[in-house]
Amino acid sequence: MNTISRKISGSLSVTISKQAAERLDSCTPKGCPHSDYTLLDLLRDFIQAYSWKIDRGHTISLSDFIRLLQAENYAQAIVYGEDMMRIIEEV
């Protein structure tokens, strides 16, 4: 649970626990000008924009995916990633 997989065919599969999704969806990133934008929305945006970084045939945890983005200095992953990972890993 709480993983992202890139199949050999290139298709993507994301699994997230209901509890983690609900908690992410209840948190608004600090300083975000859009009141209806949540950490779950941010995670979806990360996946949409950067899932190509996962090699075909591999599965990684969502936390490892966020760490990958942090290591590559993506600002939003650095600013909000720790909170996202804490929520994902708590449930």
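User: What does glutamine 70 touch, not counting residues up to four places away in sequence?
Analyst: Glutamine 70 touches Ala77, Ile78, Gly81, Glu82 and Met85. Bear in mind that this is a predicted model.

User: Where is the place of glutamine 70?
Analyst: Glutamine 70 sits in helix 3.

User: Buried or exposed?
Analyst: Glutamine 70 has a relative accessible area of 15%, and buried means under 20%, so glutamine 70 counts as buried.

User: And what separates the C-alpha atoms of glutamine 70 and serine 9?
Analyst: A distance of 27 Å separates those C-alpha atoms, and the two residues are 61 residues apart along the chain.

User: Back to the helices. At what angle do helix 3 and helix 4 pack?
Analyst: The angle is about 170 degrees, and the axes of helix 3 and helix 4 are 9 Å apart. Angles over 145 degrees count as roughly antiparallel, so helix 3 and helix 4 are roughly antiparallel to each other. Their crossing is left-handed.

User: Which residues make that contact?
Analyst: Helix 3 contributes Leu62, Ser63, Ile66, Arg67, Leu69 and Gln70. From helix 4 come Ala77, Ile78, Gly81, Glu82, Met84, Met85, Ile88 and Glu89.

User: How do the residues of the contact of helix 3 with helix 4 divide?
Analyst: Eight are nonpolar, three are polar and three are charged.

User: What about helix 1 and helix 4, which way is the crossing, left-handed or right-handed?
Analyst: The crossing of helix 1 and helix 4 is right-handed. Helix 1 covers residues 18-25, and packs with helix 4 at an angle of about 150 degrees, with the axes 8 Å apart.

User: Which residues are in the contact there?
Analyst: Ala20, Arg23 and Leu24 of helix 1 meet Met84, Arg86, Ile87, Ile88 and Glu90 of helix 4. That contact of helix 1 with helix 4 has five nonpolar residues, no polar ones and three charged.

User: New topic. How many aromatic pairs does the structure hold?
Analyst: The structure holds one aromatic pair. The ring centres of tyrosine 50 and tyrosine 74 are 4.3 Å apart.

User: Why is the pair tilted?
Analyst: The ring planes of tyrosine 50 and tyrosine 74 are at 45 degrees. Planes under 30 degrees apart count as stacked and over 60 as edge-to-face, so the rest are tilted.

User: Where in the chain are the two tyrosines?
Analyst: Tyrosine 50 is in helix 2 (residues 39-50), and tyrosine 74 is in the loop between helix 3 (62-71) and helix 4 (75-90). The pair links distant parts of the chain, 24 residues apart.

User: What is the relative accessible area of tyrosine 50?
Analyst: Tyrosine 50 has 21% and is partly exposed. Tyrosine 74 is partly exposed, with 22%.

Methods. Residues are numbered from 1 along each chain as its sequence is written. This is a predicted model: local features need pLDDT of at least 70, side-chain atom pairs count only at pLDDT 80 or more; totals for chains, interfaces and linings use all residues. Side-chain values use heavy atoms; hydrogens and water are left out. Rings of Phe, Tyr and Trp (its six-membered ring) pair if their centres lie within 6.5 Å; planes under 30 degrees apart count as stacked, over 60 as edge-to-face and the rest as tilted. Helices (H or I, at least four residues) and strands (E, at least two) are DSSP runs, numbered from the N terminus. Buried means under 20% relative accessible area, exposed over 50%, partly exposed in between (1.4 Å probe, protein chains only). Axes are lines fitted to C-alpha atoms, for helices over the stretch in contact, and angles run from 0 to 180 degrees between N-to-C directions. Angles under 35 degrees count as roughly parallel, over 145 as roughly antiparallel, 65 to 115 as roughly perpendicular and the rest as oblique. A crossing is left-handed if the near helix is turned anticlockwise from the far one by less than a right angle, and right-handed if clockwise. Contact means heavy atoms within 4.5 Å. Ala, Val, Leu, Ile, Met, Phe, Trp, Tyr, Cys and Pro count as nonpolar, Asp, Glu, Lys and Arg as charged, and the others, Gly among them, as polar.
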